[in-house]
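Me: I would like to learn how to read a protein model, one feature at a time. Could we go through this one together?

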Amino acid sequence: MRRIIAIAGAIISLSFTACGGSATNVDATLTASPSMTQNIGNCTDQQAQEGLATVTGQIASLSAGDYTGALTFSSRDYRAGVTPESFGAIIESDYALLTTDPRVRMQGCQPTPEGALILDVDVIGTTSSAQMRYALVREQGKWLIRVAGLTGGSLELPA
């Protein structure tokens, strides 16, 4: 069984409703594109942009080996239960793709009735890719990652 981690959230099993609507692809190379003008799923443009900026910001920190910085994109609940060292160990062990400066392509965004955002993204490295789902909560006026995990299979890309 694959371990689901909180890239910036509690270690819990994801049981969120899949993002509705047709998936619209939006590529981001570790930055949210300010020119994104369409809704992704049922999120507003602003929600999608801010959520994607959080995800790509954390991945940029992970790629730089800055686990302390990566945790700044995490919710309070998650930060309270993990050290930068233990967080880094989980990432390096189970999510090494996130440390390779991958591209991120948003597949969907869905607000929840509780006020969270669910983002489905493809993480695309040079030799592999993975589908991930992030649950973000609004804290301190910004979206922070509460939990994340693999949703589809990861696959090796041809050389």
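Me: Is serine 61 buried or exposed?

Reply: This is a predicted model, and each value here is computed from it. A residue counts as buried when its relative accessible area is under 20%. Serine 61 has 13%, so serine 61 is buried. Serine 61 belongs to helix 1.

Me: Which residues is serine 61 in contact with, leaving aside its neighbours within four places in sequence?

Reply: Those residues are Asp66, Gly69, Ala70 and Phe73.

Me: Where is glycine 65, and how exposed is it?

Reply: Glycine 65 sits in the loop that runs between helix 1 (45-63) and helix 2 (67-71). Its relative accessible area is 42%, which makes glycine 65 partly exposed.

Me: How should I read the sides of a helix?

Reply: An α-helix has 3.6 residues a turn, so residues three or four places apart point the same way. In helix 4 (84-94), the buried residues are Phe87, Gly88, Ile90 and Ile91.

Me: What do the buried residues of helix 4 pack against?

Reply: They pack against three helices: helix 1, helix 2 and helix 3 (76-80).

Me: Which residues touch the most other members of the largest nonpolar core?

Reply: In soluble globular proteins, nonpolar side chains tend to be buried together. Here the largest nonpolar core has 32 residues, and those touching the most other members are Phe87, Leu98, Leu119, Met132 and Tyr134. Two or more core residues come from each of helix 1, helix 2, helix 4, strand 2 (103-111), strand 3 (117-124), strand 4 (128-139) and strand 5 (142-150). Helix 1 gives the largest share, five residues.

Me: How many aromatic pairs does the structure hold?

Reply: The structure holds one. The ring centres of tyrosine 78 and phenylalanine 87 are 5.8 Å apart and the ring planes meet at 70°, so this pair is edge-to-face. For that label, the planes must be over 60 degrees apart. Both tyrosine 78 and phenylalanine 87 are buried.

Me: Which cysteines does the disulfide join?

Reply: A disulfide is a covalent bond between the sulfur atoms of two cysteines. The count for this model is one disulfide. The bond joins cysteine 43 to cysteine 109, with an S to S distance of 1.9 Å. The angle about the S-S bond is -75°, and the link is left-handed. Distant parts of the chain are linked in this way, as the two cysteines are 66 residues apart: cysteine 43 is in the loop between strand 1 (26-28) and helix 1, and cysteine 109 is in strand 2.

Me: How accessible are these two cysteines?

Reply: Cysteine 43 has 1% relative accessibility, so cysteine 43 counts as buried. Cysteine 109 has a relative accessible area of 0% and is buried as well.

Me: What is the pattern of the protein chain, read along the sequence?

Reply: The protein chain has four helices and six strands, in the pattern β-α-α-α-α-β-β-β-β-β. Of its 159 residues, 48% are buried. Among contacts between residues at least 6 apart in sequence, 60% join residues at least 24 apart. The chain exposes about 7,600 Å², of which carbon and sulfur atoms supply 51%.

Notes:
Residues are numbered from 1 along each chain as its sequence is written. This is a predicted model: local features need pLDDT of at least 70, side-chain atom pairs count only at pLDDT 80 or more; totals for chains, interfaces and linings use all residues. Side-chain values use heavy atoms; hydrogens and water are left out. Rings of Phe, Tyr and Trp (its six-membered ring) pair if their centres lie within 6.5 Å; planes under 30 degrees apart count as stacked, over 60 as edge-to-face and the rest as tilted. Buried means under 20% relative accessible area, exposed over 50%, partly exposed in between (1.4 Å probe, protein chains only). A nonpolar core is a set of buried Ala, Val, Leu, Ile, Met, Phe, Trp, Tyr and Cys residues joined through side-chain atoms within 4.5 Å. A disulfide is a pair of cysteine sulfur atoms within 2.5 Å. Contact means heavy atoms within 4.5 Å. Accessible areas come from the Shrake-Rupley method with a 1.4 Å probe; for residues, only the protein chains shown count as cover.
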